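The exercises below are to be worked through with the sequence and the coordinates at hand. Each sets a task and then gives a solution in steps.

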Amino acid sequence: MRINRQGLIVWFQHMKNLKQIKRYGHYIYSSKKMRYAVLYVDQEDIEKVEEKLVKLSFVSKVERSNKPFVRTDFENAKLDKAKQYDYKMGI
């Protein structure tokens, strides 16, 4: 059984608060310079987790990722004629 997940971008004030943010989902990445973290959460629980994160005093804002809703299968993808020629020549 595959669980659908969605990313949350959490903007915070200090790096020391990162440990508390990690408790709310699957931690992937954080930026020291920009002070944000990327978490993955089950789509069923995303609203609850988002509300909990917004209530934390050190969280500036929480954004949802749109990746699950973007179509990734492409139709009629045609290569450039010059590139096709180069591939056939072995360049």
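**Exercise 1.** Determine which strands each supply at least two residues of the lining of the largest pocket, and which element gives the most to that lining.

*Solution.* Begin with the residues themselves, bearing in mind that this is a predicted model: the largest pocket is lined by Arg2, Ile3, Asn4, Arg5, Gln6, Gly7, Val38, Tyr40, Gln43, Ser65, Lys67 and Pro68. Next, assign them to elements, which shows that E1 and E3 each contribute at least two lining residues. Of the elements, E1 gives the most, with three residues. Finally, the volume of this pocket comes to about 250 Å³.

**Exercise 2.** Describe the order of helices and strands along the chain, and state how many residues count as buried, as a percentage of the chain.

*Solution.* The chain holds three helices and four strands, and reading along the sequence gives the pattern β-α-β-β-α-β-α. Turning to contacts between residues at least 6 apart in sequence, 63% of them join residues that are at least 24 apart. As for burial, 26% of the 91 residues count as buried, while the chain exposes about 7,800 Å², of which carbon and sulfur atoms supply 49%.

**Exercise 3.** Identify the residues that touch the most other members of the largest nonpolar core, and trace the contacts of Leucine 53.

*Solution.* The largest nonpolar core has 15 residues, and within it Leu8, Val10 and Leu53 touch the most other members. Two or more residues of this core come from each of strand E1 (5–12), helix H1 (18–21), strand E3 (36–42), helix H2 (46–55) and strand E4 (59–64). If residues up to four places away in sequence are set aside, Leucine 53 touches Leu8, Val10, Tyr24, Leu39, Val59 and Val62.

**Exercise 4.** Explain why the buried residues of H2 lie on the same side of the helix, and say which elements they pack against.

*Solution.* First, list the residues of H2 with under 20% relative accessible area, namely Ile46, Val49, Glu50 and Leu53, which are buried. These residues lie on the same side of H2 because they cover an arc of only 100° around its axis. The general rule is that an α-helix has 3.6 residues a turn, so residues three or four places apart point the same way. Then consider the face of H2 turned away from the buried side, which carries the exposed residues Glu47, Lys48, Glu51 and Lys55. The buried residues of H2, for their part, pack against E1, E3 and E4.

Notes
Residues are numbered from 1 along each chain as its sequence is written. This is a predicted model: local features need pLDDT of at least 70, side-chain atom pairs count only at pLDDT 80 or more; totals for chains, interfaces and linings use all residues. Side-chain values use heavy atoms; hydrogens and water are left out. Buried means under 20% relative accessible area, exposed over 50%, partly exposed in between (1.4 Å probe, protein chains only). Contact means heavy atoms within 4.5 Å. Accessible areas come from the Shrake-Rupley method with a 1.4 Å probe; for residues, only the protein chains shown count as cover. A nonpolar core is a set of buried Ala, Val, Leu, Ile, Met, Phe, Trp, Tyr and Cys residues joined through side-chain atoms within 4.5 Å. The arc is that of the directions from the helix axis to the C-beta atoms. On a 1 Å grid over the protein atoms alone, a cavity is a set of points where a 1.4 Å probe fits but cannot get out, and a pocket is an open set with protein on both sides within 12 Å along at least five of seven lines; lining residues have an atom within 4 Å of a point. Grid points are joined across faces, edges and corners, and a volume is the space filled by probe spheres set on the points.
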